[in-house]
Structure formats: structure tokens, C-alpha cells
Amino acid sequence: MTAEPLSPEPIAALPIVTVSGAVHAYGGQPVLRGVDLALRPGEIYALLGPNGAGKTTLIRVLCGRIRPDGGAVLLNGRDPARVPAARAGLGLVPQEIALYPNLTVAENVETFAVLADVPRAGLPSAVARALALTRTTDRAHVPVKHLSGGYRRRANIAAAIVHEPSLLILDEPTVGVDLDAREAVDAVIRGLRDLGVAVLMTTHDLDQAGALADRVGFLREGELVLEGRPRALIAEAFGERMEIQVHLAEEVDAAGQDRLAAEGLEPTGRATVWTRLDADGYAAAGRLDQRLREAGLAPREIRVREPSLAHLFTLVADRKLAA
Ligand SMILES: Nc1ncnc2c1ncn2[C@@H]1O[C@H](COP(=O)(O)OP(=O)(O)OP(=O)(O)O)[C@@H](O)[C@H]1O
Ligand SMILES: [Mg+2]
């Protein structure tokens with residue numbers, strides 16, 4: 001049997017957008033403290049970070065809506081704050097749905113196409129393409145006010161991509177979208193990525209980010225403190241260790257908490273759920289269960305699972321990692 005030839009490293013496409021050393025303050029209060037970011041065609045990048053970390057400010061800088069106090073932004077080689085024409089390469093889906101409620105989906109998308117200078121002759125095909133890509137064709141003639149949250153969000157994406165931007169920015173794309181409809185929004189984002197669009201999204205939904213993003217970046221107090229592929233970041237932070245989650249039937253007193261802490265367990269956001277990492281996974285969970293029972297702290301349930309992006313996020317936010 002002959003060995004498969006090693007495939008050569010793919011030649012990385014040039015970035016569509018680069019931010020270098022972006023610094024910005026509002027009224028003397030630093031919000032961005034030297035952010036570097038580059039997005040290439042066909043990648044989904046999820047910008048993560050707690051409230052107030054500077055995500056929306058960074059988006060405004062990327063869009064040329066604010067000129068940073070320091071640093072540079074290049075979108076398709078031009079500074080969008082100085083060269084407004086550069087913004088044609090960008091589509092923005094704001095967190096608040098920005099459509100005309102009384103107009104149909106098709107009318108809305110056509111209106112946005114006109115605003116984005118899509119040539120008149122090309123309007124019908126541009127609108128049809130945007131609806132097809134966002135799977136909203138079956139609602140083309142429905143007024144936006146009658147749409148579900150998921151269709152609304154996708155119609156908003158249609159309006160943002162009708163002029164075929166190379167960079168699509170989505171601020172919190174799944175807020176107000178129920179769980180089932182999220183899948184459809186995610187599928188639309190993947191479809192655009194596969195066409196070569198660079199996608200930058202912010203989200204507080206870490207499960208979505210872990211499943212969808214090719215790369216994630218953690219912004220903390222205006223600094224990008226961790227960046228990479230979700231699986232690689234998780235593997236690097238946790239190695240072979242698994243997360244053991246102990247679910248108690250009820251809250252325990254101080255003595256019980258000391259006992260849990262003595263087992264290396266740490267409290268989580270929920271008083272009845274404690275957690276720890278262990279390379280021994282299931283075997284360690286069994287021993288832990290036994291000891292807790294003997295101590296009169298019978299767990300209702302013990303779960304063993306791979307550490308998640310959410311777990312990593314907590315460590316980063318609490319400065320236990322990449323400080
Ligand atoms: N126009 C403004 N004037 C003054 N301060 C502002 C302005 N916009 C944002 N800020 C402040 O800058 C900081 C960063 O805000 P930003 O909106 O970028 O955060 P964010 O990461 O998008 O947060 P969230 O997750 O809540 O959307 C916050 O402390 C915010 O209060
Ligand atoms: Mg924001």
C-alpha cells in the first residue's frame with residue numbers, strides 16, 4: 001500500500017480585513033487597548049467577551065463608523081473610516097432588527113439593494129439570490145411584521161448581503177431567535193462562509209460559537225487575550241482532563257461546602273452544581289460519588305463531559321487563564 005502523499009499546507013488567502021493595534025477610549029476611559037485582528041475569506045470568527053468588553057466598539061471601528069484613537073483598519077486594502085466606498089465590501093446585521101415592518105421581505109431587501117447602489121437592472125436577480133441564500137424565498141411576499149424571530153433575523157441577513165459584501169458582520173445573531181430557528185440561522189451563516197464570505201459575529205451563546213466558528217477570540221477589557229480554533233483552545237487549556245459535574249439535590253451548609261472543596265470541587269453559577277477537572281474521567285467520578293455518599297452528600301447526578309468553550313470562557317473571564 002502506498003502512503004497518501006502529504007497534502008501541502010494550503011496557501012492562506014490574504015485577509016479581507018485587518019485591524020492592527022486598535023486603541024480607543026470614550027471620554028478618557030480606554031475601551032480598546034491595542035487589538036489586532038485579521039479575517040480571511042471563508043472563515044467564521046466569533047468575538048466573545050463579557051458585557052462591556054468592547055465587542056460592539058470593535059465592530060464600529062471595523063465598519064469605519066468610528067475612527068480609532070490609534071491603530072489601523074484595512075478593509076479590502078482601504079480604511080473604511082477615510083474611504084467610505086470601502087464600506088461597500090461590508091454587510092452589517094445589527095443586533096436590533098433593522099427592517100421596515102410593513103414592507104415584505106422582498107421589498108425590504110430591494111430597498112437595501114438600492115441604498116447599497118446595486119444597479120437597477122441587477123435588482124431582481126440580486127434580491128432573488130439574497131433570499132435564496134438566507135432561505136427566505138418562501139416568505140418573499142410576507143410583510144416583515146408577520147414573520148417569526150428566525151425568519152426576521154434571516155431577512156435581516158438577506159438585506160445585509162444583497163450587495164455581495166466580502167465581509168459580513170453579525171452582532172448577536174441569535175438574540176430573540178428560539179432554539180429550533182437558531183439552527184436555520186447557523187446554516188445560513190455556514191452557507192455564506194462556504195461561498196468565501198468572511199463572517200465576524202459576536203455572541204454570548206458559547207455553544208453556538210463552539211459549533212459554528214472556525215476561530216474564536218476572547219475580548220476582555222479591550223484586549224484580545226486568547227484566540228484560536230475552539231477545539232485547539234480547549235485541548236490546550238484542559239489537555240486530557242474531563243469535567244466532572246456534581247449535581248446535588250439541594251444546597252449544602254458551610255461544612256458541606258468545605259467537604260466538597262476538599263474533594264477539589266469548585267462552585268459554579270448554580271448553588272447545587274459543583275465542578276472539577278480530572279484526567280481519570282469516569283473512574284474518578286465513581287470514586288467521588290462513593291466518597292460523597294459516605295460523607296452524607298449524596299449527589300443527585302454526576303456528569304462527565306469534555307470541557308466546553310463555556311468552561312474555558314469562565315477561566316478566561318475570571319483571569320485564571322491568559323491573564
Ligand atoms: N458611545 C459611548 N460613549 C461612552 N461610552 C461608551 C459608548 N459606547 C460604549 N461605551 C462603553 O464602552 C465599553 C465597551 O462597550 P461595548 O458596547 O463595546 O461593549 P460590548 O462588548 O459590545 O458589550 P455587550 O456584550 O454588552 O454588547 C463599555 O464600558 C461601554 O459602557
Ligand atoms: Mg455589544
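Reply: Two strands pair if DSSP finds at least two bridges between them. Helices (H or I, at least four residues) and strands (E, at least two) are DSSP runs, numbered from the N terminus. This is a predicted model: local features need pLDDT of at least 70, side-chain atom pairs need 80 or more, and totals for chains, interfaces and linings use all residues. Residues are numbered from 1 along each chain as written, chains are lettered from A and ligands numbered from 1 in written order, and side-chain values use heavy atoms, without hydrogens or water.

Start with strand β10, residues 242-248. Six of its seven residues are buried (buried is under 20% relative accessible area, exposed over 50%, partly exposed in between, with a 1.4 Å probe and protein chains only). β10 is joined to β12, residues 273-278, by six bridges, and the two run antiparallel. Gln245 has Thr275 as its bridge partner in β12. β10 also has six bridges to β13, residues 299-305, again antiparallel. There, Leu248 is the bridge partner of Pro299. His247 stands opposite Glu301 of β13.

Now the whole sheet. It is open, has four strands, and runs in the order β11-β12-β10-β13, with antiparallel pairing. β11 (266-267) and β13 are the edge strands, each pairing on one side only. Helix α9, residues 281-294, packs on this sheet and touches β10, β12 and β13 (contact means heavy atoms within 4.5 Å). The direction of α9 makes about 165 degrees with that of β13; axes are lines fitted to C-alpha atoms, for helices over the stretch in contact, and angles run from 0 to 180 degrees between N-to-C directions.

The structure holds 16 salt bridges (a side-chain nitrogen of Lys or Arg within 4 Å of a carboxyl oxygen of Asp or Glu). One of them joins Glu306 to Arg231, with the closest N and O atoms 2.9 Å apart. This pair links distant parts of the chain. Glu306 sits in the loop between β13 and α10 (309-317), Arg231 in helix α7 (residues 230-238), and 75 residues separate them. Arg231 counts as exposed, because its relative accessibility is 53%.

A second pair is Arg193 and Asp214, at 3.0 Å from N to O. Arg193 and Asp214 are both buried.

Next, Arg259 and Glu263. Their side chains meet in a salt bridge of 3.3 Å, N to O. Arg259 has 29% relative accessibility, so this residue counts as partly exposed. Glu263 has 9% and therefore counts as buried. Elsewhere, Glu43, Arg215 and Glu227 form one network of salt bridges that share partners.

Arg153 is another case. This residue lies in helix α4. Arg153 is buried but has no salt bridge. Its nearest side chain of opposite charge is Glu96, 7.2 Å away (Lys and Arg count as positive, Asp and Glu as negative; His and chain ends are not counted). What does Arg153 touch, leaving aside neighbours within four places in sequence? The contacts are Val93, Pro94, Gln95, Ile97, Glu172, Pro173, Val175, Val177 and Val185.

Asn156 is in helix α4 too. Its relative accessible area is 3%, so Asn156 is buried. With neighbours within four places in sequence left aside, Asn156 is in contact with Val93, Pro94, Glu96, Ile97, Ala98 and Leu99.

After α3 comes Arg135, with a positive phi near 55 degrees.
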